[in-house]
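Here's a quick briefing for anyone meeting this structure for the first time. Have a look at the model, then work through the points below.

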Amino acid sequence: MWAHSMTVQDYQDLIDRGWRRSGKYVYKPVMNQTCCPQYTIRCRPLQFQPSKSHKKVLKKMLKFLAKGEVPKGSCEDEPMDSTMDDAVAGDFALINKLDIQCDLKTLSDDVKESLESEGKNSKKEEPHELLQAQDSIGEKLGSGEPSHSVKVHTVPKPGKGADLSKPPCRKAKEIRKERKRLKRMQQNPAGEIEGFQAQGHPPSLFPPKAKSNQPKSLEDLIFESLPENASHKLEVRVVRSSPPSSQFKATLLESYQVYKRYQMVIHKNSPDTPTESQFTRFLCSSPLEAETPPNGPDCGYGSFHQQYWLDGKIIAVGVIDILPNCVSSVYLYYDPDYSFLSLGVYSALREIAFTRQLHEKTSQLSYYYMGFYIHSCPKMKYKGQYRPSDLLCPETYVWVPIEQCLPSLENSKYCRFNQDPEA
């Protein structure tokens with residue numbers, strides 16, 4: 001349908017029923033008839049933690065700004081090319097925790113293998129010199145884990161076996177393992193990370209210190225301080241596009257030129273196809289009425305362009321709607337010369353951070369809508385990487401965590417996610 005004028009609350013209600021807008025045209029796919037069902041997807045920014053691939057994109061941007069460093073052999077890292085493994089695994093905070101535990105388990109397994117290998121060697125020389133320790137030893141170690149049998153060396157007879165009262169000769173590999181273990185223990189003096197105490201290390205006698213290896217927040221990664229002599233300067237400006245503000249009007253031509261180059265290089269359009277009128281109708285016109293209530297965000301509600309300025313020129317523009325409950329991403333276009341910065345991923349992370357910023361003043365504004373998720377289309381599945389996120393049930397219009405939806409989508413393109421038959 002064509003919407004000439006609409007309140008932000010009306011549009012909020014519509015997108016919560018599966019509608020989207022393109023300019024002033026508002027539409028809803030016929031989900032059970034289309035070849036590629038399009039499910040409305042939203043991210044929960046307040047619980048969002050960047051994945052490893054997200055952190056790489058942010059660090060790449062920081063290196064470019066600080067030192068002008070351009071990745072070698074780089075090409076556009078489109079969002080759909082990012083690693084999907086992190087997204088399938090679920091909550092990123094949990095992934096970070098599991099990564100640490102896996103590293104520690106590998107380390108402790110290596111140490112255990114080394115000890116057992118040493119025990120086998122000495123067993124060949126003197127079989128009766130290995131004893132089983134009592135189960136109570138595990139309790140004395142204070143690990144809180146079920147106790148296990150531990151091999152204990154008796155004092156060897158003169159001339160037979162290694163003298164355990166003296167430091168054993170160690171290979172360089174074992175020394176490196178020991179250094180790594182000590183480094184981890186220094187980072188966590190209380191031995192609170194699972195794996196250390198379970199392997200028999202006694203608890204620290206000192207009170208636990210504040211952890212220094214806490215993962216950085218999204219804001220820490222984005223707004224990390226740059227040196228005074230940084231090679232580049234990046235500035236993000238939010239300008240109202242409808243009705244157009246003075247800043248928007250002043251930058252309209254430059255913004256259009258970026259869009260034109262984007263369409264020509266990325267989407268292979270002819271030079272005369274993306275006209276300025278088409279650009280205005282598609283990405284500047286909006287039916288949303290501007291609202292600036294006292295309890296709303298400082299910029300107000302409505303349609304905006306989030307402009308990325310690098311050294312005084314526009315290199316990317318994110319088209320967004322700010323609604324009572326969310327920031328809704330409409331479109332992104334960028335200068336192809338800066339494809340190496342993975343601006344698709346970077347802008348999504350900036351918009352998530354922007355949503356969190358708006359939430360500080362407007363508590364009900366707490367979601368980031370990413371448009372449609374198409375499970376059967378590889379180029380649209382990338383949206384599932386921004387977790388935690390939910391998909392909208394096309395029949396009952398309730399939000400369902402994406403982890404619960406994926407098994408059904410593997411079996412059928414069209415699914416009713418809400419399993420409650422009474423709904």
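Let's start with aspartate 390, which counts as buried because its relative accessibility is 4%. Here, buried means under 20% relative accessible area, exposed means over 50%, and partly exposed falls in between (1.4 Å probe, protein chains only). Bear in mind that this is a predicted model, where local features need pLDDT of at least 70, side-chain atom pairs count only at pLDDT 80 or more, and totals for chains, interfaces and linings use all residues. Residues are numbered from 1 along each chain as its sequence is written, and side-chain values use heavy atoms, with hydrogens and water left out.

**Salt bridges around aspartate 390**

- Aspartate 390 meets arginine 44 in a salt bridge between their side chains, at 3.0 Å from N to O. A salt bridge here is a side-chain nitrogen of Lys or Arg within 4 Å of a carboxyl oxygen of Asp or Glu.
- That pair links distant parts of the chain, 346 residues apart: arginine 44 is in the loop between strand E3 (39–43) and helix H2 (52–67), while aspartate 390 is in strand E11 (residues 389–392). The helices (H or I, at least four residues) and strands (E, at least two) are DSSP runs, numbered from the N terminus.
- Arginine 44 is partly exposed, with a relative accessible area of 23%.
- Arginine 387 has a salt bridge too, with glutamate 403, and the closest N and O atoms are 3.1 Å apart.
- Arginine 387 counts as buried at 2% relative accessibility, whereas glutamate 403 counts as partly exposed at 35%.

- How many salt bridges does the structure hold? There are 11.
- One of them brings together the side chains of aspartate 321 and arginine 21, at 2.9 Å from N to O.
- Aspartate 321 lies in strand E8 and arginine 21 in strand E1 (residues 20–22), so the pair ties together parts that are 300 residues apart in sequence.
- Both partners are tucked away: aspartate 321 is buried at a relative accessible area of 0%, and arginine 21 counts as buried at 7%.
- As a bit of background, side chains of opposite charge can pair when their charged atoms come close.

- Strand E8 (residues 313–322) has 9 of its 10 residues buried, so it is largely enclosed by the rest of the structure.
- Strand E7 (residues 302–310) runs antiparallel to E8, and 9 bridges join them. Strands count as paired if DSSP finds at least two bridges between them.
- Glutamine 306 has glycine 318 in E8 as its bridge partner, and serine 303 has aspartate 321 in E8.
- The hairpin of E7 and E8 has 2 residues between the strands, and aspartate 311 takes a positive phi near 50° there.
- E7 is mostly covered, with 9 of its 9 residues buried.
- On to strand E6 (residues 234–242): 8 bridges join E6 to E7, and the two run antiparallel. Serine 242 stands opposite serine 303 in E7.
- E8 also pairs with strand E9 (residues 326–334), in the antiparallel sense over 7 bridges.
- A hairpin through 3 residues joins E8 to E9, and valine 319 stands opposite tyrosine 331 in E9.

**Helix H7**

- Leucine 221 lies in helix H7 (residues 218–222) and is buried, with a relative accessible area of 5%.
- Leucine 221 and leucine 58 are 163 residues apart along the chain, yet their C-alpha atoms are separated by 6.5 Å.
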